[in-house]
Amino acid sequence: MLNGQALTFYPIIGPSNCEAGRLTGNLSYYDANNVRRIYISLGNFPAKEGNYTLKWRESGQNECATKLIYSNLHLTEADVSSPAFRIIEEEGPNELIIIHYDSVAQRIEGRFQMTATINTTEEDRNREDRALDTLRITYGTFTADILPPQE
């Protein structure tokens, strides 16, 4: 549920570039014309069942060094992406819950929730055509096959 509206997102999950045993996922929502409208990344989370707090990844912040488990969210219009939405930590819970992880079948199932606001500059805040200010995902779920590491 995104701001109270049910949407279907398509997940792609694979190994994180940080270290073995960590995953990164992307969830995309496409409109009726097959144009991607929303893009959510869930990054650097452990490949095991558990509850994980999602944080905002600052530009230039090294998630590998900090072991940061993060989420970024963008709205898109054709091939143009909005500024990233920043997780509002005070309005949590902002969490990723891995319900099931099968290391043999390379399959994962989970859910997540977060509240995010557009991460704008002063110039962006004054634009009349800016996107929604706040997005609330109250019940996001996913099931996916985990992609093999790239060689």
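Contact here means that heavy atoms lie within 4.5 Å. Keep that cut-off in mind for the whole tour.

**Before you start.** This is a predicted model, in which local features need pLDDT of at least 70, side-chain atom pairs count only at pLDDT 80 or more, and totals for chains, interfaces and linings use all residues. Residues are numbered from 1 along each chain as its sequence is written, and side-chain values use heavy atoms, with hydrogens and water left out.

**Stop 1: the whole chain.** Show the cartoon. You will find two helices and 10 strands. Helices (H or I, at least four residues) and strands (E, at least two) are DSSP runs, numbered from the N terminus. Follow the chain from the N terminus: the order is β-β-β-β-α-β-β-β-β-β-α-β. Of the contacts with a separation of 6 or more, 58% join residues 24 or more positions apart.

**Stop 2: the surface.** The accessible area of the chain is about 8900 Å² (Shrake-Rupley method, 1.4 Å probe). Carbon and sulfur atoms hold 46% of that area. Of the 151 residues, 38% count as buried. Buried means under 20% relative accessible area, exposed means over 50%, and partly exposed is in between (1.4 Å probe, protein chains only).

**Stop 3: the core.** A nonpolar core is a set of buried Ala, Val, Leu, Ile, Met, Phe, Trp, Tyr and Cys residues joined through side-chain atoms within 4.5 Å. The largest one has 31 residues. Select Ile-40, Leu-42, Phe-45, Ile-108, Phe-112, Met-114 and Phe-142, which touch the most other members. Now colour β2 (22-30), β3 (36-46), β5 (70-77), β7 (85-87), β8 (95-102), β9 (107-118) and β10 (134-145); each supplies at least two core residues. Strand β9 gives the most, with five.

Zoom in on Ile-40. Beyond its neighbours within four places in sequence, its contacts include Phe-9, Leu-27, Leu-73, Phe-112, Met-114 and Ile-137.

**Stop 4: a buried charge.** Select Glu-95 in strand β8. Glu-95 is buried yet has no salt bridge. A salt bridge needs a side-chain nitrogen of Lys or Arg within 4 Å of a carboxyl oxygen of Asp or Glu. The nearest side chain of opposite charge, Arg-111, is 6.2 Å away. Leaving out residues up to four places away in sequence, Glu-95 touches Asn-51, Tyr-52, Thr-53, Leu-54, Arg-111, Phe-112 and Gln-113.

**Stop 5: strand β10.** Finish at Thr-141, in strand β10. Thr-141 is partly exposed, with a relative accessible area of 46%. Not counting residues up to four places away in sequence, Thr-141 touches Gly-110, Arg-111 and Phe-112.

Definitions and conventions:
Lys and Arg count as positive and Asp and Glu as negative; His and the chain ends are not counted.
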